[in-house]
Protein chains: 2
Amino acid sequence: MIKVSILGTGNIATHLFKTFSKSDEIEVVQVVGRNKKALLAFGPEEKTTSDFSNLKSSDIYIIALSDDAIQSISEEVKINNGLLVHTSGSTSMSQLSKHGRHGVFYPLQSFSKSKAIDFNNIPICLEANTKEDLNLLKKLASLISKNIYEIDSKQRKSLHLAAVFVNNFTNHLYHIGSEICKENTIPFEILSPLIQETAKKIESLTPYEAQTGPGKRGDFNTISNHLEQLKNPEYKAIYEQLSNSIQLTYGKEL
Amino acid sequence: MIKVSILGTGNIATHLFKTFSKSDEIEVVQVVGRNKKALLAFGPEEKTTSDFSNLKSSDIYIIALSDDAIQSISEEVKINNGLLVHTSGSTSMSQLSKHGRHGVFYPLQSFSKSKAIDFNNIPICLEANTKEDLNLLKKLASLISKNIYEIDSKQRKSLHLAAVFVNNFTNHLYHIGSEICKENTIPFEILSPLIQETAKKIESLTPYEAQTGPGKRGDFNTISNHLEQLKNPEYKAIYEQLSNSIQLTYGKEL
């Protein structure tokens, strides 16, 4: 049985709490948060506290707070030789180095509070300052997911950057697509099968191989037609930028 | 029974041929193409020809050729009062107006020759110059897909533009993500669940609602960290452009 405490009451804290609670081999000892109202969602009073300096004994303490709160909470908490980890993609492990045993437990997914998550497929990226603690984190991670990776702080920083491109920026392209549809009274759902197929393709092809479209073909006629259609200057600039980058990517081969 | 001839031997021609051939209510009368070697893949000799000026009688002739070949083939073919349509997202129906009966049969999907396609979910966008022929196209489309839309030439042009954003440009963002992973010896597959989830989300939320990340939060600290990490000037420019556009989209609300 691994004893875990969760520090935080936001999206990641909520999803971790739900997932850990389902496992017979994990005991959630305590959930810790400043927001007393938010704490109510995490079960009975004796299992929650808003006092970060008075924590019950656990094997692992997981900080699931916003990036800029991690260091200060790390300074504040008193844990008796437990392992302290954070869940952030863009924060170095060393921000927890005040504590002898420290590490990172980073689930790579975009969490919404309202949407249920099946952790089983979520990659969990692990790091710790000793081999023993890396193994302890692996044990915990393997109870909730089958995709476990050892990723150091430098790699995790890059991974977080890559995730911004494939998740945040991709979603903004979906938004631009939906705006273009709206202006022309086209239901955005028409684009959904294409969006799903584009995402599915990279499971069997590299994105480099999967590329299609006027930018790749060097079809300047279509490109200039498209630029003419775009009235929003931001969207026009994005079209030019991405189109150029695709041409550069494939032009090198000619 | 609807009698159909396909003009072309490329990706779309191949997928339409395979799908039509499975239906008991569609007869593929002929496949027409200049490339005699490519024609061999479409069955027995009496069913294929490379002579565009001597076509067998069909109800519908489908031009599945590159955009710039559509008009010249339309001028060349002789069809006895059949319905001539093309499959292009970015070409106006009027390019076929030499023929009394003309229209568009545009399956909105990104086709790779090697990857099997289930047409049943592919949106088919239809247009015709008479109501009768629109109904004929609807009948044909409904035999292979459950997603049928009436889309006029102006709307289709916009839809094609929107598709470039959500498919071609999105795939290029996947490519940039994979390059960042490669530079840091991170397996790109780590990002796959996030990519699938980002695509799935827009089936239950609008992309506007689904947006997350440093751009939306106005987290300038993370943004400047990310820009510092990016060495490739193209990728840096894309990051800035998309990040600004996200800030503008959500900044309006503040």
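How much area is buried between chain B and chain A, and what percentage of it do carbon and sulfur atoms give? The area is about 8200 Å², and carbon and sulfur atoms give 65% of it; buried area is the accessible area (1.4 Å probe) that two parts lose on being put together, summed over both. The model is predicted: local features need pLDDT of at least 70, side-chain atom pairs count only at pLDDT 80 or more, and totals for chains, interfaces and linings use all residues. Residues are numbered from 1 along each chain as its sequence is written, chains are lettered from A and ligands numbered from 1 in the order in which they are written, and side-chain values use heavy atoms, with hydrogens and water left out.

**Interface between chain B and chain A**

- Chain B brings 83 residues to the contact and chain A brings 82 residues, where contact means heavy atoms within 4.5 Å.
- Between the two chains, 34 residue pairs are in polar contact, both residues at pLDDT 80 or more. A polar contact is a pair of N or O atoms within 3.5 Å; within protein, one must be able to donate a hydrogen and the other to accept it, and residues adjacent in sequence count only if both atoms are side-chain atoms.
- On the side of chain B that touches chain A, at least two residues each come from α5 (153-183), α6 (192-201), α7 (207-210), α9 (220-229) and α10 (233-251) of chain B. Helices (H or I, at least four residues) and strands (E, at least two) are DSSP runs, numbered from the N terminus.
- The element that gives the most to this side of chain B is α5(B), with 26 residues.
- By class, this side of chain B holds 41 nonpolar, 33 polar and nine charged residues. Ala, Val, Leu, Ile, Met, Phe, Trp, Tyr, Cys and Pro count as nonpolar, Asp, Glu, Lys and Arg as charged, and the others, Gly among them, as polar.

**Relation of the copies**

**Chain A as a whole**

- Chain A has ten helices and eight strands.
- Of its 254 residues, 57% count as buried (buried is under 20% relative accessible area, exposed over 50%, partly exposed in between; 1.4 Å probe, protein chains only).
- Along the principal axes, the C-alpha atoms of chain A fill a box of roughly 65 × 40 × 30 Å.

**Individual residues**

- Lys216(B) is in helix α8 (residues 214-217) of chain B and is partly exposed, at 34% relative accessibility.
- Leaving aside neighbours within four places in sequence, Lys216(B) is in contact with Gln211(B), Ile246(B) and Tyr250(B).
- Asn81(A) lies in the loop between α3 (70-76) and β5 (83-86) of chain A; its phi is near 60°, a positive value in a residue other than glycine.
- Asn81(A) is exposed, with a relative accessible area of 58%.
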